[in-house]
Amino acid sequence: MTGQDMKLIRKLLKMTQKQFGSDLGIPNPQVQIAMMETGHRTISKRLIRSIAMLVDNKHKDEALAKAGVVEAE
């Protein structure tokens with residue numbers, strides 16, 4: 001995964017760098033995400049797995065909200 005891929009995923013989720021990083025459990029999220037998106041830090045396999053889980057959870061939440069099971073965020 002490249003920094004551009006990460007940025008695209010974050011934008012599709014309509015999250016700021018700070019929100020995205022916080023949801024992934026990254027300390028100092030805005031700075032760290034910015035550095036990864038610009039290629040100044042590598043993106044670990046563990047972080048890629050965490051991003052995949054975050055995307056999966058967001059899609060489940062949206063589907064449940066559309067079905068009226070839970071409120072949308």
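Helices (H or I, at least four residues) and strands (E, at least two) are DSSP runs, numbered from the N terminus. With that settled, I opened the notebook on this chain.

**Entry 1: ground rules**

I am working on a predicted model, where local features need pLDDT of at least 70 and side-chain atom pairs count only at pLDDT 80 or more, while totals for chains, interfaces and linings use all residues. I number residues from 1 along each chain as its sequence is written, and I take side-chain values from heavy atoms, with hydrogens and water left out.

**Entry 2: the whole chain**

I looked up the elements and found four helices and zero strands in the protein chain. Read from the N terminus on, the order is α-α-α-α. The C-alpha trace spans about 40 × 20 × 20 Å along its principal axes. I then checked burial: 29% of the 73 residues count as buried, where buried means under 20% relative accessible area, exposed over 50%, and partly exposed in between (1.4 Å probe, protein chains only). For contacts, meaning heavy atoms within 4.5 Å, I took those with a separation of 6 or more, and 45% of them come from residues 24 or more positions apart.

Which residues of H1 are buried? I noted Gly 3, Met 6 and Arg 10. They cover an arc of only 60° around the axis, which puts them on the same side of H1; the arc is that of the directions from the helix axis to the C-beta atoms. On the face of H1 turned away from that buried side I found the exposed residues Gln 4, Leu 8, Lys 11 and Leu 12. The cover over the buried residues of H1 includes H2, H3 and H4.

Next I moved on to Lys 14, which sits in the loop between H1 and H2. Its phi is positive, about 55°, although Lys 14 is not a glycine. Lys 14 counts as exposed because its relative accessibility is 74%.

Asn 28 belongs to the loop between H2 and H3. Is Asn 28 exposed or partly exposed? At 49% relative accessibility, Asn 28 counts as partly exposed.

**Entry 3: H3**

The buried residues I listed for H3 are Pro 29, Gln 32, Ile 33, Met 36 and Glu 37. Down the axis of H3 they fall within an arc of 130°, so they line one face of the helix. Their packing partners are H1, H2 and H4. After H3 comes Gly 39, with a positive phi near 85°.

**Entry 4: how H1 meets H3**

Two packed helices are described by the angle between their axes and the distance between the axes, and I looked up both. Helix H1 (residues 3-12) packs on helix H3 (residues 29-37) at an angle of about 125°, with the axes 7 Å apart. Axes here are lines fitted to C-alpha atoms, for helices over the stretch in contact, and angles run from 0 to 180 degrees between N-to-C directions. H1 and H3 are therefore oblique to each other, as angles under 35 degrees count as roughly parallel, over 145 as roughly antiparallel, 65 to 115 as roughly perpendicular and the rest as oblique.

Which residues of H1 meet H3? I wrote down Gly 3, Gln 4, Met 6, Lys 7 and Arg 10, and on the H3 side Ile 33, Met 36 and Glu 37.

**Entry 5: H4**

H4 has 22 residues and reaches 32 Å from its first C-alpha to its last, close to the 32 Å expected at 1.5 Å a residue. That expected span is 1.5 Å times one less than the number of residues. I found Leu 47, Ser 50, Ile 51, Leu 54 and Lys 58 buried in H4. Down the axis of H4 they fall within an arc of 100°, so they line one face of the helix. They pack against H1, helix H2 (17-23) and H3. The face of H4 turned away from its buried side carries exposed Lys 45, Arg 49 and Met 53.

My last stop was Glu 62, in helix H4 (residues 45-66). Glu 62 counts as partly exposed, because its relative accessibility is 43%. From Glu 62 to Arg 49 I noted 13 residues in sequence and 20 Å in space, C-alpha to C-alpha. Following H4, Gly 68 has a positive phi, near 80°.
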